[in-house]
Amino acid sequence: MLLVISLILSANMGFAHSGEGIDSGFESGFWHPILGWDHVVAMVAVGLWGAFLGSPAIFVLPIVFPIVMAFGGALGVIGVPIPFIETGIALSGVVLGLLILFAVKAPNYIAAIVVGIFAIFHGHAHGGELPEQFSAYGYSVGFVIGTGLLHSVGIGFGFLAQSPLGEKVVRIVGGVIAFVGAAFLFGFA
Amino acid sequence: MLLGAPAQAHSFLAEGGAYDLFVEGTTVILQDVRLLLPIVALGLLISLWKADGLISAWPANIAGNVLGVPLAVLVSDKIILVYLLIGVFVGLIASLTPKRSATEIKVFALVLGLISMLSALEGHEFFELPIAIYLGLIFGLNLVFAATANISGLILSTFKANWVNVAIRAISSWTAAIGILIFAVNFK
């Protein structure tokens, strides 16, 4: 886990969303959520919180999120504006991170609603940034898969919460996520 | 197979021998993600319903394909939007509530078989095209459907852990999500 974190932190953030070295719609879409820290922290947090909440949230959230996100993406593609997109994205990191930090065990329908609201913001950002020079179909496939894999990472980490020490680690990670989200929210990142 | 004559976006070259035409028909399916996505969703649904569910659902799907051949003349190229929406619906069912009745599964298979053929033919008249093209289209559609259902079913029957079932359902939700986006791109 430490190796993965170090690899992630050493990645060149300057290429986030720039499309440098991207050669196809699929690649562009796949890397879009992964090269943006504002997306990464929220997607991992969804998986983490789901694992923290346990069954059935552990699979309901990663199933609901892509679908609602795609709906937000569709709105972005057809040009329906949603205000404060970047604020919503940054807030998702803060809120989800705090929910994990304080070990909030919300009812499943509340969790689905919270996650769903933020999914629309993330999806709209992806859909609205669909690059003209690439295949829209490949981009769509790429960013859904990229997002799903980030959820899987979060779920994987979330299984640590099954032990008392692991739960503490997961909650600290939630705090880090909230901190990163706040950095984006207040313009420090 | 993939080195055969390329499909010119459903216009069908209508030249070459039977094998070239057959390959062209198959390639139309394999090269268009809009045609693939709903069938993949159906294949995943079948495997989540029953690991060996393909045997029950396949005849209905093929019947739908065959029915679609004479009916294609009745639809415009907008049928692809309907097809994508049905595919999204099937992906949602597969991800959220795949344990349906046998009748429902067969209806899904029949409807998707029909609409997939209508979408592949996009208004071509009955027997306007060589038979080999129709056979290629049917082969392509069923190749993807059967491969998805079989591979997914094999995984589910081999690995009984709950997380495997969840992973397949998550992938089904991805097909629905991608379908929504592709619908928006085509609708725009």
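Which residues of α2(A) are buried? They are A:G25, A:F26, A:S28, A:G29, A:F30, A:W31, A:H32, A:P33 and A:I34, where buried stands for 20 or more other C-beta atoms within 10 Å of a residue's own, exposed for 12 or fewer, and partly exposed for anything in between, with C-beta atoms placed from the backbone.

## About the model

This is a predicted model, in which local features need pLDDT of at least 70, side-chain atom pairs count only at pLDDT 80 or more, and totals for chains, interfaces and linings use all residues. Residues are numbered from 1 along each chain as its sequence is written, while chains are lettered from A and ligands numbered from 1 in the order in which they are written.

For the complex, the predictor gives an ipTM of 0.80 and a pTM of 0.84. Chain B has a mean pLDDT (the predictor's confidence in each residue, from 0 to 100) of 89, and 91% of its residues reach 70 or more. Among the helices of chain B, α1 (residues 18–30) has the lowest mean, 91, and α2 (residues 33–49) the highest, 96. Over residues 1–8 of chain B, pLDDT stays under 50, and the model has 18 contacts beyond four places in sequence for this stretch; two residues are in contact if their C-beta atoms, placed from the backbone, lie within 7 Å.

## The fold of chain A

Chain A has eight helices and zero strands, with helices (H or I, at least four residues) and strands (E, at least two) taken as DSSP runs and numbered from the N terminus. Of its 189 residues, 52% count as buried. Among contacts in chain A with a separation of 6 or more, 84% join residues 24 or more positions apart.

Back to the opening helix: α2(A) covers residues 25–34, and nine of its 10 residues are buried. These buried residues pack against α3 (37–53), α6 (108–128) and α7 of chain A.

Most residues other than glycine have a negative phi. A:F84, in the loop between α4 and α5 of chain A, has a positive phi of about 55 degrees although it is not a glycine. A:F84 counts as exposed because it has 10 C-beta neighbours inside 10 Å. After α5(A) comes A:A103, with a positive phi near 50 degrees. A:A103 lies in the loop between α5 and α6 of chain A, and it counts as partly exposed because it has 15 C-beta neighbours inside 10 Å.

## Helix packing inside chain A

Two packed helices are described by the angle between their axes and the distance between the axes. The axes of α4 (residues 57–78) and α6 of chain A come within 6 Å and cross at roughly 35 degrees; axes are lines fitted to C-alpha atoms, for helices over the stretch in contact, and angles run from 0 to 180 degrees between N-to-C directions. The contact residues divide into 19 nonpolar, 11 polar and no charged, with Ala, Val, Leu, Ile, Met, Phe, Trp, Tyr, Cys and Pro as nonpolar, Asp, Glu, Lys and Arg as charged, and the others, Gly among them, as polar.

## Where the chains meet

The contact between the chains takes 20 residues from chain B and 20 residues from chain A. On the chain B side, α4 (79–96) and α7 (162–187) each supply at least two residues, and α7(B) gives the most, with 15 residues. By class, that side has 16 nonpolar, two polar and two charged residues.

Helix α7 of chain A (residues 136–158) and α7(B) pack at an angle of about 145 degrees, with their axes 9 Å apart. Their contact includes A:Y137, A:V141 and A:I145 of α7(A), together with B:W174, B:I178 and B:L181 of α7(B). The residues of this helix pair divide into 12 nonpolar, two polar and no charged.
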